[in-house]
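Student: I'd like to go through this two-chain model with you. Can we take it one question at a time?

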Amino acid sequence: MKMTSEITSDLQIITVLEKRIDGVAAIQFKNDVRELTAEGDTAAILDLSNVDFVDSSGLGAIVAAMKLLGTDRPLHLAGLTPIVSKVFALTRMERVFKIFKTPLEALKTNEAKSA
Amino acid sequence: MPEGASVDRVHSFSGLHRTPSICLTFPATQNAVRSALASITPSLRTLCADEAMVGTAELVLAEATNNIVEHAYVEVDDGTITLSCFKEPGRIGFVIKDRGKNFPNYEIPPKKNHDLNAEPNALPEGGFGWGLIRDLTTSLEYRRINGQSILRFSIPSTTP
């Protein structure tokens, strides 16, 4: 799965470059997040601004990714597009994550950097 | 409706008396579901210039058809899914058919009420599908007719 990772001193930004996180992509997504976050020890922001479709399998994979990082390293979200936002709202999972408009907004606040 | 119900009622429920705007049969695999959705969403956009509604339809169709792949055909590797769409005033009607296992008790599964205050490691990674389908559709109905599962629902337009 196409993703990029940028590591700053106190935050890692993971940008998903695919349009879909669905049943086909879910396992690959989890494996790639595991690989990209293996080295760091900071909180992470998952930038979903290029993703226009997440279904329940994709949502499950994002929750799994959050668990992979462990309780000391929160996973936040940024850039939710309309359908993705709807999935998080209807399943109430929007309460489980901190959600920022953009990764830049997350970088500007200290809120993202601590658990 | 019990198995072997009258032909007229069967045809009425499964939409056979109407000509669908779109009808597609595809293999019951996750990759085929993805391809089917990719081919159907542009057609939905042509039927109804309502981007929010098309997005909702894509999500509901993904949930309903992936459920068939993962549950109805769990023991079958050559199953097929047939999807029909009907343009109706203010909404699009959908009929999805498969020949896999029926729902337990012939009932559409309920919306699961997950405990989201649970500690992070206990948070759910699945079981969201039927809640999404129930939240986003109207006239959701299920029938098992002559060994075929028929799921029917409508998605309303978001614009008047």
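Student: Which residue forms a salt bridge with Arg20(A)?
Tutor: In this predicted model, a salt bridge means a side-chain nitrogen of Lys or Arg within 4 Å of a carboxyl oxygen of Asp or Glu. For Arg20(A), the closest N and O atoms of the pair are 2.7 Å apart. The pair crosses between chains, running from strand S3 of chain A to helix H3 (residues 51-72) of chain B. The partner is Glu58(B).

Student: Before we go on, what are the ground rules for numbering and confidence?
Tutor: Residues are numbered from 1 along each chain as its sequence is written, chains are lettered from A and ligands numbered from 1 in the order in which they are written, and side-chain values use heavy atoms, with hydrogens and water left out. As the model is predicted, local features need pLDDT of at least 70 and side-chain atom pairs count only at pLDDT 80 or more, while totals for chains, interfaces and linings use all residues.

Student: Is Glu58(B) buried or exposed?
Tutor: Buried means under 20% relative accessible area, exposed over 50%, and partly exposed in between (1.4 Å probe, protein chains only). Arg20(A) has a value of 16%, so Arg20(A) is buried. Glu58(B) comes in at 11%, so the call for Glu58(B) is buried.

Student: With which side chain of chain A does the Arg20(A) side chain make a polar contact?
Tutor: A polar contact is a pair of N or O atoms within 3.5 Å; within protein, one must be able to donate a hydrogen and the other to accept it, and residues adjacent in sequence count only if both atoms are side-chain atoms. The Arg20(A) side chain has such a contact with the side chain of Glu58(B), at 2.7 Å. Within chain A, at 3.2 Å, the partner is the side chain of Asp22(A).

Student: Which residues are linked with Arg20(A) in a network of salt bridges?
Tutor: Contact means heavy atoms within 4.5 Å. Leaving aside neighbours within four places in sequence, Arg20(A) is in contact with residues including Phe53(A), Arg34(B) and Glu58(B). The salt-bridge network links Arg20(A) with Asp22(A), Arg34(B) and Glu58(B).

Student: How many salt bridges does the rule find across the interface of chain A and chain B?
Tutor: Over all chains the count comes to eleven. One that involves both chains is Lys67(A) with Glu125(B), whose closest N and O atoms are 2.9 Å apart. Across the interface, the rule finds three.

Student: What about chain B: is Arg45(B) buried or partly exposed?
Tutor: Arg45(B) and Glu51(B) meet in a salt bridge through their side chains (2.9 Å, N to O). Glu51(B) has 48% relative accessibility, so Glu51(B) counts as partly exposed. Arg45(B) is at 37%, so the answer is partly exposed.

Student: What is the area buried between chain A and chain B?
Tutor: Buried area is the accessible area (1.4 Å probe) that two parts lose on being put together, summed over both. Here 25 residues of chain A are in contact with 27 residues of chain B, and carbon and sulfur atoms give 60% of the buried area. Val24(A), Lys67(A) and Leu90(A) supply 25% of the area that chain A buries against chain B, more than any other three residues. The total between the chains is about 2,200 Å².

Student: Which element supplies the largest share of the side of chain A that touches chain B?
Tutor: Helices (H or I, at least four residues) and strands (E, at least two) are DSSP runs, numbered from the N terminus. The rule finds nine residue pairs in polar contact across the interface. S5 (53-54), H2 (56-69) and H3 (82-90) of chain A each supply at least two residues of that side. The largest share, eight residues, comes from H2(A).

Student: Which residue caps the N-terminal end of H2(A)?
Tutor: H2(A) is mostly covered, with twelve of its 14 residues buried. Past its other end, H2(A) is followed by Gly70(A), which has a positive phi near 85°. At the N-terminal end, a side-chain oxygen lies 3.1 Å from the backbone nitrogen of Ser57(A), and the residue that supplies this oxygen is Asp55(A).
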